[in-house]
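I opened this notebook to record what I looked up about cavities and aromatic rings. The entries follow the order in which I checked each topic.

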Amino acid sequence: MVELNWRYRHTVLTLCMLAFFVTYFARLAISPVVPFVTADFGVSNTAVGVALSGMWLAYGLSQFPSGILADRFGERRVILVAVGGTTVASLLLALAPVFPAFVLIAFLLGLVAGLHYAVATTLLSRTFDDLGTAVGLHSIGGPLAGLVAPIAAAWVGVRYGWRPGVALAALVGVPIFVIFAWRVRPTEPRRPDQSMRDRLRLGPLVELLSRPSVLLPLAIATIGTYVAQGVISFLPTFLVDFRGYSPSFAGGVFSAFFVVRAAAQVGIGRLSDRAGRDGAIGMAMLSGALGAAGFVALPGYVGLAVAVLLAGFGSSFFSAIDPRFMDAMSEAERGAGFGLVRTVYTVIGSAGSVGVGLTADLFGWAVSFGVLAGLFGVAFLVIAGNALLGTGY
């Protein structure tokens, strides 16, 4: 671990969290205005789901090269590209003249936003011993964006249209880019002289992914990401179409969901440091299954509140499972290795957006969210079975 003074280490952690806030804000600002997007372009939920899945697919695809780029050029440069690129892409998305352009720019938005997370996690692994806690604190940037973005985008979308709502990300992106560039020192690359071709050799990549200690959490992370992406993409629309709430109220509930995630990210990360990764992951998966089912089955405002609490806790599993991947890798492997596993589980999990939209169009919202509950349940059974069998993976 690099020796840094306490104050600077926590400055880095805070600014990484704020950078994550920007990249998450830009993506979340779209979900609350989906009804306005479908009306403006005259497209279906499935079509918008394709656009959102494309965005999350691109977000996943850029995780692996982000780790390689950080090893080559240093984490600071890559994070700055992520924040600056996200800001520009948000403005371009708000100006999309036709739906195909909207789809393409959403893909580009995911591509640049995806450069941040794996690189920031690797940077934190160099500066903190309690990685689960640090990752949990860093991950608060996502729920904080979830607190602000849905309410702000929904409010602006109702009054001024979806385009200004999407463009809000630029208002937070510019100042955070400037502060990060000012306060975070250049970082020393891990492998500045190794060629990209060497880093992309297939053999070592296959070996890494085939390790049981990586493969098992990878399967769980993939399932969990699919569910989380589906909920994040369509929860506001579900609340409007299925439960009959107003767009503004649905945006408020969506924000409450992310408030729960903000607290749970830190709690689950700290729990994973103290009591073990798998116990924390299993608790999250079971809670998520109950929460997704509760959105459909629990009536009234009280039932909705219970579902939000359970689902928000469940979707915060990342702060336990990402350190689990780090535990399974050597320090030299973490840059590209963690980026690789992030690419795999976010790319496959990105199908959650189109999957939820398509299932809702074909079978209704109750079936769509019921499927999500079942998938979280499967992930819980996998992690519980592994613990009961005592495999050691």
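A cavity here is a set of points, on a 1 Å grid over the protein atoms alone, where a 1.4 Å probe fits but cannot get out. The volume is the space filled by probe spheres set on the points, which are joined across faces, edges and corners. I noted that the model is predicted: local features need pLDDT of at least 70 and side-chain atom pairs count only at pLDDT 80 or more, while totals for chains, interfaces and linings use all residues. Residues are numbered from 1 along each chain as its sequence is written, and side-chain values use heavy atoms, with hydrogens and water left out. The search of the whole structure gave 3 cavities of 30 Å³ or more.

Helices are DSSP runs (H or I, at least four residues), numbered from the N terminus.

I found 26 aromatic pairs in the structure. Rings of Phe, Tyr and Trp (its six-membered ring) pair if their centres lie within 6.5 Å, and planes under 30 degrees apart count as stacked. Phe318 and Tyr345 make a stacked pair, 6.3 Å centre to centre with 25° between the planes. Phe318 belongs to helix α18 and Tyr345 to helix α19, 27 residues apart. Both residues are buried, that is, under 20% relative accessible area with a 1.4 Å probe and protein chains only. I also noted one aromatic cluster formed by Phe20, Tyr24, Tyr117, Phe254, Phe257 and Phe258.

Which residue lies over the face of Tyr8? I found Arg185, at 3.7 Å from the ring centre. The charged end of Arg183 sits over the ring of Trp182, 5.2 Å from its centre. The criterion is NZ of Lys or CZ of Arg within 6 Å of the ring centre and within 35 degrees of the ring normal.

Technical notes. On a 1 Å grid over the protein atoms alone, a cavity is a set of points where a 1.4 Å probe fits but cannot get out, and a pocket is an open set with protein on both sides within 12 Å along at least five of seven lines; lining residues have an atom within 4 Å of a point. Rings of Phe, Tyr and Trp (its six-membered ring) pair if their centres lie within 6.5 Å; planes under 30 degrees apart count as stacked, over 60 as edge-to-face and the rest as tilted. Helices (H or I, at least four residues) and strands (E, at least two) are DSSP runs, numbered from the N terminus. Buried means under 20% relative accessible area, exposed over 50%, partly exposed in between (1.4 Å probe, protein chains only).
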